[in-house]
Amino acid sequence: MHDFEPKTPRDVIALATEGAPDPPPDIKRELIAEALSWAKVIVFAVAFALAINFFVIVNASVPTGSMESTIRVNDRIIAFRLSYMFNDPERYDIIVFRAPDDGVKNVKRIIALPGERVSLADGIVYINGVALERDDFITPGPFGYLGPNFAEHVVPDGHFFVMGDSRGNSRDSRDWANPFVEQNRILGKVIFRYFPGFRNLTNS
């Protein structure tokens with residue numbers, strides 16, 4: 001009879017196995033091999049997930065309403081890092097990038113391309129003096145503190161002029177000290193929203 005009460009699972013196991021013979025060496029080797037096999041799988045899975053996140057996709061959350069109603073507050077989105085490896089960014093692409101002034105990650109829509117003249121007047125965007133016709137993604141409302149006008153600027157080579165879809169609730173190329181986003185600061189093109197619910201954003 002044992003003169004102590006088991007206090008922990010280890011004590012219970014010790015009592016249950018007391019006096020039992022050690023497992024044969026072959027079984028020990030099998031157990032070690034199985035543990036190592038699972039460890040390799042776990043390490044590979046973690047490494048693969050990290051590689052995908054750093055080199056293939058951008059998994060981001062949108063904390064503001066600057067892209068409403070296309071992307072709402074706290075939506076979770078996926079951007080593809082390799083979208084512009086062989087193709088240049090296009091007008092109306094939604095991109096994740098590092099803002100020119102402070103490097104903070106942003107999500108906005110490309111409005112003007114390198115070499116184009118861009119301006120705003122009375123809430124209308126002009127590219128090379130011609131009003132942009134597409135506005136189906138814009139959230140109606142006032143332009144807010146930024147005002148409705150933006151003097152004409154020429155977009156430098158390798159740079160882009162971006163705006164949020166909620167024009168009155170977005171800090172973007174209109175008011176940054178460095179108004180244009182360099183292509184090497186673009187992290188990826190937004191492909192879809194996965195929370196809440198799936199939505200394809202490549203044609204939005």
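Predicted model: local features only at pLDDT ≥ 70, side-chain atom pairs only at ≥ 80, totals over all residues.
R134 lies over the face of Y92, at 5.0 Å from the ring centre.

**Aromatic pairs**

- F97 and W176 form an edge-to-face pair, with 5.9 Å from centre to centre and 70° between the planes.
- F97 belongs to strand β3 (residues 94-98), while W176 is in the loop between β9 (159-163) and β10 (181-182), so this pair ties together parts that are 79 residues apart in sequence.
- F97 counts as buried, because its relative accessibility is 0%.
- W176 is also buried, with a relative accessible area of 11%.
- F192 and F198 make a tilted pair, whose centres are 5.2 Å apart and whose planes are at 35° to each other.
- F192 is partly exposed, at a relative accessible area of 25%, whereas F198 counts as exposed, at 60% relative accessibility.
- F150, F161 and F180 are linked into a cluster by ring pairs.

- R193 forms a salt bridge with D75, and the closest N and O atoms of the two are 3.5 Å apart.
- This bridge links distant parts of the chain: R193 is in strand β11 (residues 186-195) and D75 is in the loop between β1 (57-61) and β2 (76-80), 118 residues apart.
- Both R193 and D75 are buried.
- K189 meets D93 in a salt bridge through their side chains, at 3.8 Å from N to O.
- K189 also lies in strand β11 and D93 in the loop between β2 and β3, so their bridge ties together parts that are 96 residues apart in sequence.
- D93 and K189 are both buried.

**The contacts of R109**

- R109 forms a salt bridge with D165, in which the closest N and O atoms are 2.7 Å apart.
- R109 is part of strand β4 (residues 105-112) and D165 is in the loop between β9 and β10, so the bridge ties together parts that are 56 residues apart in sequence.
- Both D165 and R109 are buried.

Terms used. Residues numbered from 1 in each chain as written. Heavy atoms only, no water. Phe/Tyr/Trp six-rings, centres within 6.5 Å; stacked < 30°, edge-to-face > 60°. Helix = DSSP H or I, 4+ residues; strand = E, 2+ residues; numbered from the N terminus. Buried < 20%, exposed > 50% of the residue type's maximum accessible area, 1.4 Å probe, protein only. Lys NZ or Arg CZ within 6 Å of the ring centre and 35° of its normal. Salt bridge = Lys/Arg side-chain N within 4 Å of Asp/Glu carboxyl O.
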